[in-house]
Amino acid sequence: MALGVVGVVGGDPLGLAEALRAAAGDAASVRVYDSLGALRAAVDEGAGVPARVLVTCVGGPADEEVLDAMRAVLGRVTAQVREWLADERFGDAQLVVVTRDAVAARPGPEIRDLAAAPVWGLVRSAATEHPGRFALLDVGGGPVTPGTGSSGTGAALVQALAGRLAEAAVRDGGVQVPRLVRAADASGVLTPPDGCGSWRLDVTSRGTLAHLALLPHPEGEGPLQGHEIRVAMRAGGLNFRDVMVGLGMYPGDDARIGGEGAGVVVEVGSQVTAFSPGDRVMGLFPSGGLGPVGVTDHRWAARIPRGLTFQQAAVVPVVYLTAYYGLVDLAGLRRGERLLVHSAAGGVGMAALQIARHLGAEVYGTAGLGKWEALRGLGLDDAHLADSRTTGFEQGFLAATGGHGMDVVLDSLAREFVDASLRLLPRGGRFLEIGKTDIRDAGQVAAEHPGVAYRAFDLMEAEPGRIQAIWAELVALFEAGALTPPPITAWDISHAVDALRYLSQAQHTGKTLLTLPRALDVEGTVLITGATGALGSLLARHLVTHHHIRHLHLTSRTGGDAPGATQLTDDLTRLGATVTLTPCDITDPTALAHLIDTIDPHHPLTAVVHTAGLLDDGTVDTLTPHRLDTVLAPKADAAWHLHRLTRHHDLTAFVLYSSAAGLLGNPGQANYAAANTFLDALAHHRHTQGLPATSLAWGLWDQASRMTGHLDGTALSRLSRTGVTALTPQEGLALFDAALGLRQPLSVAMGLDPAVLAERAAAGVLEPLFAALVRPRAGAPAARAARGAGGPGSGGDVLADRLAALPAQGRRALLAEVVCENVAAVLGHATADSVGLERPFKTLGFDSLSAVELRNRLGAATGRRLSPTLIFDHPTPAALVGHLDELLAPPQADVFGRLLAELDVLQGTLGEAVVSPASAGRAAARLQDFLLRLEEGQFDAVGSEGSAAERISAASDDEIFDLIDNELGIV
């Protein structure tokens, strides 16, 4: 795919120029300019205008300065857009605005640059106003990697730019584009079983994470034993053990996914005196706590320490109990001793580090280089850190300790890493193994390493009474500030597959969390901003009549002085609600904090719905900082303040009224599009923190409001020609309820006319965002029927039948597709674009667990039992394809036997056939040539493809007989 000439403008903090040059293989095709002014100067001197000019936009993390950073970024990009449009010489070129981690291309921790996210809304509007002049590109992770051939981020950049994609995100060496899908068609989203009050996360069969599902759990509603408690779960932690359970690698058949969590006690057994209904607790749930209800022995639970949220508490039990039990009970770690903690940036690692510090030990740790900063924040300097990806830590730590090494090792690694760790106990010591992939024999370890006491352990070997005592110690340490919960990365349980894949690839720092669905709390208070507007008042009535909410706190700029405010409060009161209506400038965090503080603690704040907003329309070339601020303040600023001020509240919902303008890029609304795109990104940001959030991007309502009343008949007719229809109040409120149930960070609520969309698609003018709504889902790749993620019958015989019908080249092509799709699925990639056939599995990101899953998936696809060391024996996808081809290729037909048999038949009929001398001469010459090549082993005919044997093997019976007839000249 031809790239053409590309310009890179500005400081290039992402390394775009170098990556493009390496991937395109033509350094001259990428030109670098300090600024757009420098580009103009070069054009003044006769240089051509690059077909595409890239400008990087970097904002910053989601911290206290995010609003200032957002305005700075939007100001810079607006100026660049206006400068680009002002020069007519750029009229045939495209300005590509590049961000990093500013959009969510998939579930999980995608948005790290919240300040740059609104740029996407702004540039979308600019692109609508000036078709073809602008494009958007987001790259994930750190600096761009050049890559070679078809791999690496640079190659994906070339693909996106050469394809002239209006919007794209580069992830894992592949290119993704945004598409709207119907909720029922969304892939990879788990849904609870219908009509089931108690369910849990589990697998339908073990071997691959693709078999995760939300399954009925009737035990959760059964009678309690005397020592048990029943808990309404708020959230649950995930651990490496859960990945192993899903893959079928954990010892025992009764292990369940999800062994810890936090919630509220709803029932206690007859022998329980430590807890009462309503208590906030965290604990171990061995029978599975990842569902709405969990049951556990009360001794495995503890009250949540003061100051911790449910989300923070849910990730405490396994890692802190394990670390304390191991270091105190088993290792007897003492003040002044040296401790090595492997995977120190993981959950157990961070817990062990803090507990060891409290005990007075000197701590050393290993972690991936990208996680060192988090460990430095916990007090480890570089002398006490080493890379967990190599065994260099052995010599490094021996040197740092003057050859003395460690007294205690807390290990979770395998193979040569365990060997190196054992050698770090030259004077003897205690070696604790919490991993399950490389268990050693304690006697053999003692013989090979004198003085070393090896112990592989599991937390559940501790007696419940001892767990209860450890809990008392840990709660006291948390409340004293000696311990703090680990950082979390959260998913809604509907995306548990993505969460466990992320965990299995060790991409996280701290702990991984799954949040659980909750209904609106009828006894809590719902705060609605913009409540006296058309949509706010409509929602307030709906919450009371449909959701039975009894406590509403309404706010708007003018409060009770707003038109219709008195009528609204009177109506709600008659319906049985207690209503407070307060004027408040929600762009002022101090005023908003005061309003929240006034909410009745007997009916605490449990939900927020932010409907407020303002318009100040104008084309992008007229956009000023003031016009930006007018729209950003009540929409984006207020949403950020609400987020910060309520993040420690136990909310059931946090709904942001966004607009489809941010996704579609409405012309004349660049500022409004930017503000709403910030809301969409904020919802994703909250989800990764384990906080509820739904950004509801509304389309057009047929009920005129202050925001839509300016639309005349012409404007409405224009919208209808694009397939957009207006929502009735009933339709809109039904979509609100549906979005609450979906629990996704972004839901789009629009009225669409399928017939109009289909007509636009047929005419080639349909907006790409709508493509998946009107066309049948793209046909599955050739390998999909055999890629092995489904249940019985999804592979095996199907694949074998398809392979049998193909020649050698086609057979290998199909197997390559099967392998690459399964590799991408195991790695959690959306497509197989980044899976280079010659890239070693190790560089693709495979470890022992992902190797097992790939083996399982390919085993299901092929119907064969494959070696546990499959990818180690065949270390690249290409080598694996070759192995599978040898394994699955159909037996070669006895071509020469068929040929001889046919010659016998023909020879017997020669006396009856009329054979001309010329034909006989040609046949004799051809047969002599064939015999000569057969004797010399030369089977390749000039100008042919493949060997003669391959061609004969691939030929049908009729083709072989025709060949014989033609060559012998039989008539």
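Me: Leaving aside its neighbours within four places in sequence, which residues is Asp 101 in contact with?
Reply: Apart from those neighbours within four places in sequence, Asp 101 is in contact (heavy atoms within 4.5 Å) with Glu 110, Ile 111, Arg 112, Asp 113, Asp 138, Val 139, Gly 140 and Gly 141. This is a predicted model, in which local features need pLDDT of at least 70 and side-chain atom pairs count only at pLDDT 80 or more, while totals for chains, interfaces and linings use all residues. Residues are numbered from 1 along each chain as its sequence is written, and side-chain values use heavy atoms, with hydrogens and water left out.

Me: OK, and is Asp 101 buried or exposed?
Reply: Asp 101 counts as buried because its relative accessibility is 7%, where buried means under 20% relative accessible area, exposed means over 50% and partly exposed lies in between, using a 1.4 Å probe and protein chains only.

Me: What order do the strands of the open sheet come in?
Reply: The seven strands follow the order S2-S1-S3-S4-S5-S6-S7, with mixed pairing, and two strands pair if DSSP finds at least two bridges between them. The edge strands, S2 (30-33) and S7 (174-176), each pair on one side only.

Me: How many bridges join S6 to S7?
Reply: Three bridges join S6 (residues 167-171) to S7, and these strands run antiparallel, with Val 170 standing opposite Val 175 in S7.

Me: New topic: which residues touch the most other members of the largest nonpolar core?
Reply: Trp 84, Leu 122 and Phe 678 do, in a core of 71 residues; a nonpolar core is a set of buried Ala, Val, Leu, Ile, Met, Phe, Trp, Tyr and Cys residues joined through side-chain atoms within 4.5 Å. A second, separate core has 57 residues, including Leu 308 and Val 341.

Me: And Pro 875, where does that lie?
Reply: Pro 875 lies in the loop between helix H30 (870-873) and helix H31 (877-888), and with a relative accessible area of 41% Pro 875 is partly exposed.

Me: How far apart are Pro 875 and Arg 839 in space?
Reply: They are 8.6 Å apart from C-alpha to C-alpha, although 36 residues separate Pro 875 and Arg 839 in sequence. Leaving aside neighbours within four places in sequence, Pro 875 is in contact with Arg 839, Pro 840 and Phe 841.

Notes:
Helix = DSSP H or I, 4+ residues; strand = E, 2+ residues; numbered from the N terminus.
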